[in-house]
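Good morning, colleagues. Please turn to the sequence and the structure on the screen.

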Amino acid sequence: QVQLVESGGGLVQPGGSLRLSCAASGSIFSSYAMGWYRQAPGNQRELVAYITSGGSKNYADSVKGRFTVSRDNAKNMVYLQINNLKPEDTAVYYCNKVPAFGDWGQGTQVTVSS
């Protein structure tokens, strides 16, 4: 069974930075792109960044220039560096394949507030 465990979230002031981590089972990395999704209260879950098996990176317009996605296949890890955090970035952040499969992890909470 595929396992996804997100970590690295926290309470940060506007303009601050966070680095999120995703520990995934080996099957996640075998043939799929990996992405970061987020969901704020009352909103739909949205894909904000993803990285292909070959290392190509893609971002939603709302995070372009502030978020950087990376992966380390040898360690079965995916990362999301978030800079210049804004209050609108407040959400639970999840990792998953792109396109996503049905079982999600617990996510990690990012709260941006002064």
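How many helices and how many strands are there in the chain? There are 0 helices and 10 strands, where helices (H or I, at least four residues) and strands (E, at least two) are DSSP runs numbered from the N terminus. The radius of gyration, taken over C-alpha atoms, is 13 Å, close to the 13 Å that the globule rule gives for 114 residues, so the chain is as compact as a globular protein of that length. That rule is 2.2 Å times the number of residues to the power 0.38.

Two remarks on the source are in order. This is a predicted model, in which local features need pLDDT of at least 70 and side-chain atom pairs count only at pLDDT 80 or more, while totals for chains, interfaces and linings use all residues. Residues are numbered from 1 along each chain as its sequence is written, and side-chain values use heavy atoms, with hydrogens and water left out.

Of the 114 residues, 43% count as buried. Buried means under 20% relative accessible area, exposed over 50%, and partly exposed in between, with a 1.4 Å probe and protein chains only. Among contacts (heavy atoms within 4.5 Å) between residues at least 6 apart in sequence, 53% join residues at least 24 apart.

I turn now to the charged side chains. A search of the whole structure finds 3 salt bridges, each being a side-chain nitrogen of Lys or Arg within 4 Å of a carboxyl oxygen of Asp or Glu.

With which residue does Glu 46 form a salt bridge? The partner is Arg 38, and the closest N and O atoms are 2.8 Å apart. Glu 46 is partly exposed at 33% relative accessibility, whereas Arg 38 is buried at 7%.

Arg 38 also pairs with Asp 89, at 2.9 Å between the closest N and O atoms. Arg 38 lies in strand 4 and Asp 89 in the loop between strand 8 and strand 9, so this pair ties together parts that are 51 residues apart in sequence.

Asp 89 forms a further salt bridge with Arg 66, at 2.7 Å from N to O. Both Arg 66 and Asp 89 are buried. Through shared partners, the salt bridges join Arg 38, Glu 46, Arg 66 and Asp 89 into one network.
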